[in-house]
Amino acid sequence: MPHPLISQSDIDTFQKDGVVIIRGLFADHVDALRDGIAQNMADPGPYAAENLKQGEAGRFFDDYCNWQRITPFQDVIARSPAAEVAADLMQSDRVQMFHDHVLVKEPGTSKPTPWHSDGPYYFVEGRQTVSFWSPVDPVKEASLRCVAGSHMWPKPVLPTRWLSETSFYPNEDDYMPVPDPDAEGMDIREWDMAPGDAVAFHYHVLHGARGNTSTARRRAFSLRLVGDDARYVSRPGPTSPPFPGHDMQDGQRLREDWFPVLYTRDA
């Protein structure tokens, strides 16, 4: 039986569309996530970025790979039902940590999160992958937007740098150009969300977000997880996150001392 927070219909939707809403996934952990985000912003890690050009209004902060040094994030990862729900969605017998990600748009930030899919930035491939994107503030206009079915496209979407808008890797022919889902009439899924709700989406789902033109903050925590079939794959350049010195080879499972197993399904 699936975890009580989800139904078989949710699992089927995730498998088919690559994206589904999970209400209340982190509802019991919103205060901890807020504390962790505050700690992260007060003490950014080495990958922290400010994603606005000079003269653009507001603030768009993001940072990742901080869970091992920010205790509230560790607690949420260990105590929330996210890993068990991930196993159900991915149809996987085990769930491994990949990384965390914080994204904050302060009031009056008009810059959207560019359309992109995460998979091409990462050094992991597999059918069994899932990201949870969870706001700790109520969101409407600044909610995550995902293109249903895009995880099944025949070519990955070109990864680009958000600020410079340049290609992440040298050979663009290996990727499809970033589409304009609104102009092209694609099936975009987005939801009004309460703190602790989560969008679950496959690593290759195309997604983005509008700017935050409201008078309230939009803080979000993302958790990236992988399942049974996920394997290390080399890319034609440094990945994001880079994880320097990982020493993995193509085809290997992610090393468990760096990417711990969070959940194993009972036999």
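The model is predicted, so local features need pLDDT of at least 70 and side-chain atom pairs count only at pLDDT 80 or more, while totals for chains, interfaces and linings use all residues. Residues are numbered from 1 along each chain as its sequence is written, and side-chain values use heavy atoms, with hydrogens and water left out.

His99 lies in strand E4, which covers residues 94–105; strands (E, at least two residues) and helices (H or I, at least four) are DSSP runs numbered from the N terminus. His99 counts as buried because its relative accessibility is 1%, where buried means under 20% relative accessible area, exposed over 50% and partly exposed in between (1.4 Å probe, protein chains only). Leaving aside residues up to four places away in sequence, His99 touches Tyr64, Cys65, Tyr122, Ser222, Leu223, Arg224, Pro241 and Phe243, a contact meaning heavy atoms within 4.5 Å.

Turning to the whole chain, the protein has 4 helices and 14 strands. Buried residues make up 54% of its 267 residues. Of the contacts with a separation of 6 or more, 81% are between residues 24 or more positions apart. The C-alpha trace spans about 55 × 45 × 40 Å along its principal axes.
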